[in-house]
Amino acid sequence: MAIKRSEFPENFIFGTATSAYQIEGAVNEDGREPSIWDVFSHTPGKIQNNENGDVACDHYHRYNEDVQIMKEIGFNGYRFSISWPRVLFSNQKKNQKGLDFYNKLVDTLLENNITPFITLYHWDLPYYLYEKGGWLNPDIALYFQDYAALMFEILGDRVKHWITLNEPWCSSYLGYFMGKHAPGHTNIQETIIAAHNLLRAHGYAVKIFREIVKDGIIGITNVVSKIEPAKESEENFQAAILVDEIVNGWFHDPIIFGKFPENAKGLFKQLGLEIPETDMDIISQPIDFFGVNYYTRQLVEYDPTSPYLYKNVEGILPKTEMGWEIYPEGLYDMLRKIHRRYGLPLYITENGMAGPDKLQNDIINDDYRVKYLEKHFEKALEAIEDGIDLRGYFVWSLLDNFEWEKGYSKRFGIVYVDYKTQKRYLKKSAVWLKEFLRK
Ligand SMILES: OC[C@@H]1[C@@H](O)[C@H](O)[C@@H](O)c2[nH]c(CCc3ccccc3)c[n+]21
């Protein structure tokens with residue numbers, strides 16, 4: 001029996017999500033200054049095919065058309081991020097033209113009965129702050145607080161749903177340990193310091209939010225992967241617990257319990273790493289929800305030859321173009337785990353897949369994405385029916401866009417973008433969503 005919109009709560013938010021650097025383009029327009037992703041993507045060898053976000057989906061100029069597409073599909077929510085270097089100059093003066101873009105975007109969304117959910121930081125740190133140490137400099141929390149306060153003052157009268165950070169695990173581990181993302185460092189000690197300062201910045205923003213937007217709600221979005229032992233053994237089971245603490249617990253526990261998870265902390269200490277723990281009271285300021293970005297599971301095995309005592313193992317399930325296993329059961333498991341452990345309302349702030357999308361006679365037949373979304377919607381509904389306080393679901397993503405180190409090679413959109421013409425084409429999954437959201 002196909003799942004129906006009417007089975008979800010009447011006030012449930014069905015939306016779609018994007019981020020500034022991945023769709024806006026116009027990187028040198030109206031005074032926008034460079035971010036770490038402008039510099040990283042222009043560094044040869046960092047991005048597949050040496051692509052960058054200079055133009056992307058040209059959303060800066062086409063936002064009206066894109067909102068009309070959301071309206072046509074029938075979404076009642078839209079999660080997007082603010083480009084920090086577009087709204088604040090390095091001399092700390094506000095960039096009015098940049099702010100006006102977001103004012104117009106918010107007003108257009110509201111005119112079309114689409115609720116804006118704003119992410120303050122989706123990885124595009126102003127480059128001049130990186131030159132001052134970036135996420136390694138404790139002062140970054142104060143810079144972030146000033147930026148957050150500006151956005152709360154400018155948009156807080158109309159925007160009541162706010163997310164401080166998108167996936168601090170990615171910002172710290174991909175940016176400072178694996179070197180795959182900006183700023184491209186490969187240092188585990190820096191990673192732990194960056195993670196702590198990201199959490200501090202989150203706390204400083206929550207603190208000022210309570211003073212400026214008294215009728216709004218604020219949370220943080222984390223990537224949440226279902227961590228499973230590749231083979232059943234006590235050692236592998238322990239490895240899974242450890243990895244769950246490193247990937248998931250490290251960015252949830254401090255916010256709710258005011259402390260880092262013990263096993264992971266013990267491992268890092270055994271490796272001789274410093275674990276800064278200042279401001280845990282600010283980090284654990286009460287928040288109103290957790291945003292959950294769910295895509296897949298991670299299979300791990302105990303590995304005594306690794307300093308982190310584990311290794312990732314390739315799974316056997318059907319995979320998306322990113323090589324991620326399709327595992328909707330993990331969505332249910334993680335919603336239940338996060339809800340039980342932390343007791344906060346949840347929004348699925350990202351879920352979706354990269355597919356082998358081909359434009360043929362103006363049609364993109366992404367049946368695989370229809371099936372993916374249907375299966376994950378079913379698990380979201382099951383969670384709601386089991387009493388989990390899930391309030392919304394944002395499909396990643398509205399448009400095909402700049403997929404970070406993979407450039408434009410991976411298409412996550414429900415709307416196909418022909419980058420040569422910037423023409424948008426609704427994929428079959430968008431047409432399916434339009435039908436689903438009607439019922
Ligand atoms: O890769 C698709 C999207 C990105 O385009 C978004 O900007 C970003 O928020 C985002 N995060 C993830 C999850 C990445 C991840 C998967 C598995 C394990 C750890 C991290 C997937 N995505």
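Two exercises with worked solutions follow, both on a predicted model.

Residues are numbered from 1 along each chain as its sequence is written. Because the model is predicted, local features need pLDDT of at least 70 and side-chain atom pairs count only at pLDDT 80 or more, whereas totals for chains, interfaces and linings use all residues, and side-chain values use heavy atoms, with hydrogens and water left out.

**Exercise 1.** Determine whether His122 and Trp404 are buried or exposed, and list what each is in contact with.

*Solution.* Start with the record: the unreviewed UniProt entry gives both residues the feature "binding site", bearing in mind that annotations may be inferred rather than shown by experiment.

Then apply the cut-offs (buried under 20% relative accessible area, exposed over 50%, partly exposed in between, with a 1.4 Å probe and protein chains only): His122 counts as buried because its relative accessibility is 2%, and Trp404 counts as buried because its value is 3%.

Finally, take contacts (heavy atoms within 4.5 Å), leaving aside neighbours within four places in sequence: those of His122 are Thr18, Ser19, Gln22, Arg79, Ser81, Asn166, Glu350, Trp396 and Trp404, and those of Trp404 are Ser19, Tyr21, Gln22, Trp37, Ile47, His122, Trp123 and His181.

**Exercise 2.** Find how many bridges join S6 to strand S8, and name the partner of Pro229 in S8.

*Solution.* Four bridges join S6 to strand S8 (residues 297-302), and the two run parallel. In S8, Pro229 has Val300 as its bridge partner.

Key
Two strands pair if DSSP finds at least two bridges between them.
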